[in-house]
Amino acid sequence: MLTRRTFLASAGATALVPAVTDTATAAAPSFPEAFLWGASTAAYQIEGAAREDGRGPSIWDTFSHTPGAVTNGDTGDVACDHYHRWRGDVDLMRRACFSAYRFSVSWPRVLPEGTGRVNPKGLAFYDRLVDGLLAAKIRPFLCLYHWDLPQALQDRGGWHNRDIAGWFADYAGIVADRLGDRVADWAMLNEPSVVALFGHGLGGHAPNLKGRASFFLALHLQNLAQGAALARLRSTRPDLRLGTVLNLQPVRPESDSPADHQAAVMWDAVWNRSCIDPLLKGSYPDIVKGDIEPILGHGDLGIIHQPIDFLGVNYYSRMVVRADPHGMFGTAWGKSSATHYTAMGWPVEPRGLYEQLDEIRRHYGNIPVYVTENGAAYQDVVTASDRVEDADRVAFLRDHLKMVHAAISEGCNVKGYLVWSLLDNFEWAFGYSKRFGVVYVDYPTQRRIPKQSYHWLAEVARTRRLA
Ligand code: FCB
């Protein structure tokens with residue numbers, strides 16, 4: 001069966017060698033003055049304080065506390081303790097000359113039951129964080145949903161209950177009422193296709209549901225909720241810049257066979273286009289209409305199809321697929337031809353980022369884009385002199401930034417680059433076993449050790465040049 005784990009494993013061995021596997025196109029070194037530099041994080045992955053100040057449980061609390069669900073039995077109970085250490089974390093970004101930071105708001109911290117009663121202490125935390133960011137001259141990009149659905153809403157059907165569109169719009173309105181005077185940039189969702197696939201299709205993420213119909217329902221209702229929240233905020237707060245964050249990955253067939261080709265068309269429709277097309281074009285790809293039509297309510301597409309001010313693009317690698325009649329979508333993961341892999345087993349393919357940005361320019365109206373996640377897990381070690389020399393991550397970031405630069409040179413409307421992630425953190429089903437941060441976290445002491453990649457990125461942010 002396909003799972004996030006088997007995808008990772010099938011991608012090949014983990015070679016920790018820094019290298020460019022794709023040749024960069026023209027790579028003039030300097031970025032526009034207004035280009036934003038920064039980092040992304042997510043509430044459940046860093047905050048901890050899971051039972052503090054009135055926060056309600058989320059589906060990731062439930063899932064991570066389920067024996068066997070997460071590597072080493074890790075949970076987000078403490079994570080990076082960012083809830084208490086956020087001042088120091090903001091200062092790390094200030095010292096790195098970061099001009100932007102994407103964080104997510106924990107829905108159950110604000111609304112412990114998902115709807116109804118607001119938790120003032122939850123909102124107060126984000127209030128302090130936003131003020132701290134602004135004082136450090138860092139522009140906050142607020143993401144409303146990065147996977148930690150209130151468990152109380154899961155108990156009412158979660159992403160399978162159409163009422164969630166209204167629940168989510170209400171929650172968006174509550175957060176915007178409190179922070180909209182200081183936060184200009186609002187992202188609705190993070191990676192709805194990952195939530196649909198691993199949370200509701202194949203399993204492996206909370207709430208660990210399975211099935212093709214389950215996948216499409218969760219995907220469609222995320223699209224619907226996103227549209228409802230966009231419409232709500234647009235009407236109540238016309239001053240805000242509204243967008244969303246999608247994980248878009250160029251899809252390649254494993255071979256030239258017509259069957260593999262068809263598998264790639266299908267997978268591109270399932271993974272990429274079923275998110276971006278309804279939002280920006282008002283329709284689902286033809287190839288998935290048989291799955292969508294039975295669940296499509298009257299007027300749904302009108303709600304989903306909303307103007308947005310920016311698109312966040314998360315990019316880690318391309319995807320290779322092949323035909324497999326036993327696969328949930330008639331597809332299976334294929335073998336990448338990449339020569340280098342991260343510690344996740346993900347192929348290192350910088351050129352795929354260029355291709356994705358170019359695709360948005362050519363087919364989606366060249367709307368303003370922020371690369372809202374890009375980065376790599378490697379097996380970092382702290383040296384005797386207390387340093388983390390992650391040259392492999394530096395190479396990864398440099399090679400991807402060259403592609404961002406090439407895309408801008410070709411006319412792509414890319415406005416910023418936010419690394420995943422500021423800190424090592426709770427990497428979902430992998431727990432703390434995978435480190436993506438540019439800052440190392442020593443979990444037993446919570447000490448932060450800026451890695452070589454942090455210092456490198458700080459220099460790039462300061463000079464706007466790729467060294
Ligand atoms: C993305 C998620 C993010 C993190 C990175 C590695 O899919 O949005 O939370 O887990 O992968």
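Is Lys 137 buried or exposed in this structure? Lys 137 is exposed, with a relative accessible area of 71%, where exposed stands for over 50%, buried for under 20% and partly exposed for what lies in between (1.4 Å probe, protein chains only).

The legends below describe a predicted model, in which local features need pLDDT of at least 70 and side-chain atom pairs count only at pLDDT 80 or more, while totals for chains, interfaces and linings use all residues. Residues are numbered from 1 along each chain as its sequence is written, and side-chain values use heavy atoms, with hydrogens and water left out.

**View 1. Backbone at Lys 137 and Asp 53, two residues with positive phi.** Lys 137 lies in the loop between α6 and β3, where helices (H or I, at least four residues) and strands (E, at least two) are DSSP runs numbered from the N terminus. Although Lys 137 is not a glycine, its phi is positive, at about 60°. Asp 53, which is not a glycine either, has a positive phi of about 50°, and this residue is placed in the loop between α2 (43–46) and α3. With a relative accessible area of 30%, Asp 53 is partly exposed.

**View 2. The aromatic pair of Trp 147 and Trp 428.** A pair of aromatic rings is described by the distance of the centres and the angle of the planes. Rings of Phe, Tyr and Trp (its six-membered ring) pair if their centres lie within 6.5 Å, and planes under 30 degrees apart count as stacked, over 60 as edge-to-face and the rest as tilted. By this rule the count comes to 37 aromatic pairs. One of them joins Trp 147 and Trp 428 in a tilted arrangement, 4.5 Å from centre to centre and with 35° between the planes. Trp 147 lies in the loop between β3 (139–145) and α7 (151–154) and Trp 428 in the loop between β11 (414–420) and β12 (439–442), so the pair ties together parts that are 281 residues apart in sequence. Trp 147 counts as buried at 5% relative accessibility, and Trp 428 is buried with a relative accessible area of 2%.

**View 3. The aromatic pair of Tyr 432 and Tyr 443, and the cluster around it.** Tyr 432 and Tyr 443 form a tilted pair, with 4.6 Å between the centres and 55° between the planes. Tyr 432 is in the loop between β11 and β12, while Tyr 443 is in the loop between β12 and β13 (447–450), 11 residues apart. Tyr 432 is buried, with a relative accessible area of 16%, and Tyr 443 counts as buried at 18% relative accessibility.

**View 4. Charged side chains over tyrosine rings.** A charge sits over a ring if NZ of Lys or CZ of Arg is within 6 Å of the ring centre and within 35 degrees of the ring normal. Lys 281 lies over the face of Tyr 364, at 4.4 Å from the ring centre, and Arg 435 lies over the face of Tyr 440, at 3.9 Å from the ring centre.

**View 5. Helix α6 against helix α8.** The axes of α6 (residues 120–135) and α8 (residues 164–179) come within 10 Å and cross at roughly 45°; axes are lines fitted to C-alpha atoms, for helices over the stretch in contact, and angles run from 0 to 180 degrees between N-to-C directions. That makes α6 oblique to α8, since angles under 35 degrees count as roughly parallel, over 145 as roughly antiparallel, 65 to 115 as roughly perpendicular and the rest as oblique. Contact, meaning heavy atoms within 4.5 Å, involves residues including Leu 123, Tyr 126 and Val 130 of α6 and Ile 174, Arg 178 and Leu 179 of α8.
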